[in-house]
Amino acid sequence: AQNQDIPPLHPGADDVVVVATKRWRREVRSGRLGRVAQEIRAIRRSWAVKPFDLALDPQGSIKSGTIAWLTRAPVRVGFARAACREAMNVLFTTHRVNPPADGHIVRKNLSLLGPLDIRTESPDFGIRLSQDAEARVSSLMQQARIGPKDRLVGIHPGAGHSRKRWDLDRY
């Protein structure tokens with residue numbers, strides 16, 4: 001599964017738009033800026049026909065700020081300059097949040113809901129598995145002889161870049 005596969009699992013997700021920013025960077029480096037500009041204009045046009053009310057930017061980068069801006073949402077919530085990965089991100093947001101000092105990423109991202117007067121103490125991420133997925137997991141658990149009362153630890157060793165991956169034999 002990839003990152004784009006997760007949002008559709010939430011019942012409130014109507015659509016997922018994949019923006020090819022890594023490819024855009026490669027194309028810009030290769031001198032194909034025109035192709036990237038054309039694709040950005042096409043995205044902006046397609047998003048204009050289904051206007052956004054709100055954009056949340058939990059990344060705090062110039063890239064994520066630009067994408068939030070492309071939505072044309074009148075409300076774009078991001079982090080204050082000191083909490084952004086790239087300070088120029090604040091140019092793209094209309095509301096800037098100072099996240100909690102404890103630094104936990106879930107609490108940091110949930111703080112973006114503050115300007116919307118949404119408070120959440122115990123987040124429910126709302127992701128539900130389909131009946132088919134539940135059946136596959138149940139079958140795998142039975143095959144592995146893992147019962148409902150057995151303790152189970154899940155580890156997600158994946159990473160997007162090879163330098164961030166831990167060797168399997170080191171677990």
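Helices (H or I, at least four residues) and strands (E, at least two) are DSSP runs, numbered from the N terminus. This is a predicted model, in which local features need pLDDT of at least 70 and side-chain atom pairs count only at pLDDT 80 or more, while totals for chains, interfaces and linings use all residues. Residues are numbered from 1 along each chain as its sequence is written, and side-chain values use heavy atoms, with hydrogens and water left out.

**View 1. Overall fold of the protein.** Five helices and three strands make up the secondary structure. Their order along the sequence is α-α-β-α-β-β-α-α. The radius of gyration is 20 Å, well over the 16 Å that the globule rule gives for 171 residues, so the protein is more spread out than a compact globule. This radius is taken over C-alpha atoms, and the rule is 2.2 Å times the number of residues to the power 0.38. The C-alpha trace spans about 55 × 40 × 35 Å along its principal axes. Of the 171 residues, 19% are buried (under 20% relative accessible area; exposed is over 50% and partly exposed in between, with a 1.4 Å probe and protein chains only).

**View 2. Positive patch on the surface.** The patch gathers Lys22, Arg25, Arg26, Arg29, Lys63, Arg85, Arg163 and Lys164. Patch residues have over 30% relative accessible area and no salt bridge, and like charges are joined within 9 Å; a salt bridge is a side-chain nitrogen of Lys or Arg within 4 Å of a carboxyl oxygen of Asp or Glu. The place of a charge is taken as NZ of Lys or CZ of Arg. Helix H1 (residues 21–29) contributes the most, with four residues. Arg85 sits in the loop between strand S2 (75–79) and strand S3 (95–97), and counts as exposed because its relative accessibility is 61%.

**View 3. Arg72, a residue with positive phi.** Most residues other than glycine have a negative phi. For Arg72, phi is positive, near 65°. Arg72 belongs to the loop between helix H3 (62–70) and S2. With a relative accessible area of 42%, Arg72 is partly exposed.

**View 4. Arg145, after helix H5.** Arg145 is in the segment that follows helix H5 (131–143). Its phi is near 60°, a positive value in a residue other than glycine. Arg145 has a relative accessible area of 75% and is therefore exposed.

**View 5. Tyr171 and Ile155.** Tyr171 is located in the segment after H5. Its relative accessible area of 51% makes Tyr171 exposed. Between Tyr171 and Ile155 the C-alpha to C-alpha distance is 10.0 Å, with a sequence separation of 16 residues.

Conventions: Patches are made of residues with over 30% relative accessible area and no salt bridge: like charges are joined within 9 Å, nonpolar side chains (Val, Leu, Ile, Met, Phe, Trp, Tyr) within 5 Å. Accessible areas come from the Shrake-Rupley method with a 1.4 Å probe; for residues, only the protein chains shown count as cover. Lys and Arg count as positive and Asp and Glu as negative; His and the chain ends are not counted.
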